[in-house]
Amino acid sequence: MRIYLLSDQKVDGAISLPMLTVNYLPPTSLPLGYEALILTSRHALTSLTLSNLDWRQIPAFCVGKKTAKRVEQEGGVIGGIAPEGVGEQLLIPMRESGFRRFWWPSGRDVATDIVTMAKGEGFEVIRTVVYETRCTDTTSENQRPLPGSTIIFTSPKTAHCFLERYGWEEGWRAVAIGPTTLAALPDSLNASLSPKPDFESAVAWAMGLLKRVIEF
């Protein structure tokens with residue numbers, strides 16, 4: 001029984017099984033009049049670093065702690081972090097900041113519509129697509145997870161790509177990285193939700209599931 005993490009990132013205890021190919025679209029200019037950045041993806045940050053834009057002194061509001069850490073490593077400034085790593089919770093530090101206009105460099109496909117969500121709170125969000133993803137064409141049938149494996153779904157898009165390629169086998173177990181990903185999975189998978197929306201927590205949770213199955 002193995003644990004498969006649907007990502008190109010490596011985490012001890014899991015087999016990395018990437019589902020997405022990323023095409024970066026580095027922005028060529030900064031929008032006028034905004035006061036802070038919104039970063040909901042490490043890919044958006046990568047796209048910014050590939051540009052020649054002076055974004056590092058602009059306060060960045062990040063969904064995840066890992067993205068925030070990388071912003072700091074790149075010489076950027078942190079404006080706030082979503083308390084539990086969920087996009088909707090970005091509104092909390094945004095309210096506390098006093099800023100009203102935000103720039104959101106994002107992927108073409110987004111799980112949470114921050115523009116609409118923020119507008120309801122009186123914020124203005126300018127969105128720019130800086131990367132796009134598609135299902136990878138390098139995943140082969142002989143990479144198919146073994147019977148009895150646990151699959152960790154890391155985004156709604158990875159869920160789509162995995163199920164389109166492999167379908168679903170009885171005996172597999174599903175773990176969702178966060179509530180948005182959980183909502184994207186069919187009810188028939190009976191997926192469980194990682195207690196925290198990060199890869200390490202999801203792998204630890206999956207290990208606990210396997211342990212309980214073995215003991216049973």
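This is a predicted model: local features need pLDDT of at least 70, side-chain atom pairs count only at pLDDT 80 or more; totals for chains, interfaces and linings use all residues.

User: Are the cysteines C135, C161 and C62 buried or exposed?

Analyst: The reading needs a cut-off: under 20% relative accessible area is buried, over 50% is exposed, and anything in between is partly exposed. C135 has 22%, so C135 is partly exposed. C161, at 3%, counts as buried. C62 has a relative accessible area of 0% and is buried as well.

User: Which residues are buried in α5, and against what do they pack?

Analyst: In α5 the buried residues are T158, A159, C161, F162 and Y166. They pack against β3 (20–24), β8 and β9 (150–153). After α5 comes G167, with a positive phi near 70 degrees.

User: How is a positive phi read when the residue is not a glycine, and what is the phi of N190?

Analyst: Most residues other than glycine have a negative phi. N190 is not a glycine, yet its phi is positive, about 50 degrees. N190 sits in the loop between α6 (179–184) and β11 (192–193). Its relative accessible area is 66%, so N190 is exposed.

User: Now a helix pair. At what angle do the axes of α1 and α2 cross?

Analyst: The axes of helix α1 (residues 42–50) and helix α2 (residues 65–73) come within 10 Å and cross at roughly 15 degrees. Angles under 35 degrees count as roughly parallel, and that makes α1 roughly parallel to α2. The crossing of α1 past α2 is right-handed.

User: Which residues of α1 and α2 meet?

Analyst: From α1 there are R42, L45, T46 and T49, and from α2 there are T67, R70 and V71. Sorted by class, this contact of α1 with α2 has two nonpolar, three polar and two charged residues.

User: Can we set two single residues side by side? Where do S106 and L32 lie?

Analyst: S106 is in strand β7 (residues 101–107), while L32 is in the loop between β3 and β4 (36–39). With a relative accessible area of 1%, S106 is buried, whereas L32, at 77%, is exposed.

User: Which residues does S106 touch, and with which is L32 in contact?

Analyst: Leaving out residues up to four places away in sequence, S106 touches R127, T128, V129, V130 and Y131. With neighbours within four places in sequence set aside, L32 is in contact with R101 and I126.

User: And what separates L32 from P147?

Analyst: L32 and P147 are 115 residues apart along the chain, and their C-alpha atoms are separated by 53 Å.

Key. Residues are numbered from 1 along each chain as its sequence is written. Side-chain values use heavy atoms; hydrogens and water are left out. Axes are lines fitted to C-alpha atoms, for helices over the stretch in contact, and angles run from 0 to 180 degrees between N-to-C directions. Helices (H or I, at least four residues) and strands (E, at least two) are DSSP runs, numbered from the N terminus. Angles under 35 degrees count as roughly parallel, over 145 as roughly antiparallel, 65 to 115 as roughly perpendicular and the rest as oblique. A crossing is left-handed if the near helix is turned anticlockwise from the far one by less than a right angle, and right-handed if clockwise. Contact means heavy atoms within 4.5 Å. Ala, Val, Leu, Ile, Met, Phe, Trp, Tyr, Cys and Pro count as nonpolar, Asp, Glu, Lys and Arg as charged, and the others, Gly among them, as polar. Buried means under 20% relative accessible area, exposed over 50%, partly exposed in between (1.4 Å probe, protein chains only).
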